[in-house]
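Here is a short report for a reader new to this structure.

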Amino acid sequence: EGFGPFPVRNFQAVQQLVLNLPGDRAAVLKPGALDLRVELANTATIANDQGPPTQVTMKYETLRSGLFLRYGVAERLEVALEVPVLYRYQGFMNGLINATERATVGVSPQRQALKNTNYAFNVTSNGRTIMNGADGAVGLGDSTLMAKYQLVSESATAPAISVRAAIKLPTGDANQFFGSGSPDFGLGLAAEKKVADRWILYANLNGVVPTGRIAGLALQPVVSGMTAVEYLWSENFSLTLHFDYYSSPFRGTGADFFDKGVTEVAAGFSYRIRPHLLWQVYGVENVDFITGSAADFTLSTVVTYRFES
């Protein structure tokens, strides 16, 4: 049946403070089944946006450690809880990213401008500092409650379709920019369809209504979408490729880093180590359909253990 898409989301440093529904399949857990998932995602952020009235200078990495619990309540219904912990630091991927850029498209202007800077997190608006994050800061992020109900089961001609709902709880420290300080509400659809003996297609479409403000900046509704294809190499191993889009919750700040949406590709593998133990590794790279806003690169590993009655 495949392993599903990766739990990808918008890892952009500021836009991720708004609710993100992670990539998910349409199929739900069997009643009584429990998934325990641990995810480590390390994201490199670099920005040097000096256009008025907002100036953004960022160069750091964020390690996002997520604990995800998912439980099958009924034949077509599952509920989930995600609790993340965030760690902001200088990081370890700068050398690898520099070497990759030199060998391919060339070192980005932002990375060239900040080549002598080890760590930076500063945002000013109209000459006033509105964001400033400390090196080595660690804290709880905003938690998320989710539910998924399967509307349509997969058949020979029709895909499986589910509806998803989510509420983000303001458990993160808004002063350290590990959370928004306000709840958000999301609704989405997930679909999946096996199209050949070894190929499975997935799609997500989500809408989010954030509340409150971040650093005094107003927030707007967000739309995101994901398409993915999984190739089943064997019953225990698969390769998956994503394309993901996220609109920005910010408008009119004058900085591309805030105002523009994000387009990214993700690629990786899923490996079933034991019947109930799944290991996934994926990387996320921004693509230039929209420039000046996305996180530079994310590397993530996910381990899921399933308890079944």
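## A nonpolar patch on the surface

In this predicted model, a nonpolar patch lies on the surface. Its members are Leu36, Val38, Leu67, Leu69, Leu81, Leu145, Ile167, Phe185, Val209, Tyr305 and Phe307. Together they have about 860 Å² of accessible area.

Take Leu67 as an example. This residue is found in strand β2. Leu67 has a relative accessible area of 39%, so it counts as partly exposed.

## Enclosed cavities

Rolling a probe the size of a water molecule over the atoms shows where empty space is left. A search of the whole structure finds five cavities of 30 Å³ or more. The largest cavity holds about 160 Å³ of space.

Sixteen residues line the largest cavity. Gln16, Arg64, Pro84, Asp142 and Lys168 lie nearest its centre. Strand β3 (residues 77-89) gives the largest share of this lining, three residues. By class, the lining of the largest cavity has six nonpolar, five polar and five charged residues.

## The largest pocket

The volume of the largest pocket is about 1100 Å³. Its lining has 42 residues. Nearest the centre are Glu1, Gly2, Arg25, Leu29 and Arg306.

Several strands give two or more residues to the lining of the largest pocket: β1, β9 (184-194), β13 (222-234), β15 (262-274), β16 (277-286) and β17. The largest share, three residues, comes from β16. The lining of the largest pocket divides into 15 nonpolar, nine polar and 18 charged residues.

## The second largest pocket

The second largest pocket holds about 680 Å³ of space. It is lined by 29 residues. Glu101, Ser108, Glu285, Asn286 and Asp296 are the closest to its centre.

Helices and strands both contribute here. At least two lining residues of the second largest pocket come from each of β1, α1 (94-103), α2 (109-113), α3 (256-259) and β16. By class, this lining has 13 nonpolar, ten polar and six charged residues.

Tyr246 lies in strand β14 (residues 237-246). Its relative accessibility is 6%, so Tyr246 counts as buried. Tyr246 and Val262 are 16 residues apart in sequence. In space, the two are 5.1 Å apart, C-alpha to C-alpha.

Two residues other than glycine have a positive phi. For Phe177, phi is near 60 degrees. Phe177 sits in the loop between β8 (160-169) and β9, and at 13% relative accessibility it counts as buried. For Ala215, phi is near 55 degrees. Ala215 is in the loop between β11 (213-214) and β12 (217-218). With 24% relative accessibility, Ala215 counts as partly exposed.

## Salt bridges

Side chains of opposite charge can pair when their charged atoms come close. How many salt bridges does the structure hold? There are 15 salt bridges. One of them joins Arg306 to Asp35, with the closest N and O atoms 2.7 Å apart. Arg306 lies in strand β17 and Asp35 in strand β1, so this pair ties together parts that are 271 residues apart in sequence. Arg306 is partly exposed, with a relative accessible area of 28%. Asp35 counts as buried at 3% relative accessibility.

Glu78 forms a salt bridge with Arg70, the closest N and O atoms being 3.6 Å apart. Both Glu78 and Arg70 are buried. Asp296 pairs with Arg111 in a salt bridge, and there the closest N and O atoms are 2.4 Å apart. This pair links distant parts of the chain. Asp296 is in the loop between β16 and β17, and Arg111 is in helix α2, 185 residues apart. Asp296 counts as buried at 10% relative accessibility, and Arg111 counts as buried at 4%.

## One network

Some salt bridges share partners. They join Asp24, Asp35, Arg70, Glu78, Lys148, Arg164 and Arg306 into one network. Asp296, from the bridge to Arg111, is among the residues closest to the centre of the second largest pocket.

Terms used:
Residues are numbered from 1 along each chain as its sequence is written. This is a predicted model: local features need pLDDT of at least 70, side-chain atom pairs count only at pLDDT 80 or more; totals for chains, interfaces and linings use all residues. Side-chain values use heavy atoms; hydrogens and water are left out. Patches are made of residues with over 30% relative accessible area and no salt bridge: like charges are joined within 9 Å, nonpolar side chains (Val, Leu, Ile, Met, Phe, Trp, Tyr) within 5 Å. Accessible areas come from the Shrake-Rupley method with a 1.4 Å probe; for residues, only the protein chains shown count as cover. A salt bridge is a side-chain nitrogen of Lys or Arg within 4 Å of a carboxyl oxygen of Asp or Glu. Helices (H or I, at least four residues) and strands (E, at least two) are DSSP runs, numbered from the N terminus. Buried means under 20% relative accessible area, exposed over 50%, partly exposed in between (1.4 Å probe, protein chains only). On a 1 Å grid over the protein atoms alone, a cavity is a set of points where a 1.4 Å probe fits but cannot get out, and a pocket is an open set with protein on both sides within 12 Å along at least five of seven lines; lining residues have an atom within 4 Å of a point. Grid points are joined across faces, edges and corners, and a volume is the space filled by probe spheres set on the points. Ala, Val, Leu, Ile, Met, Phe, Trp, Tyr, Cys and Pro count as nonpolar, Asp, Glu, Lys and Arg as charged, and the others, Gly among them, as polar.
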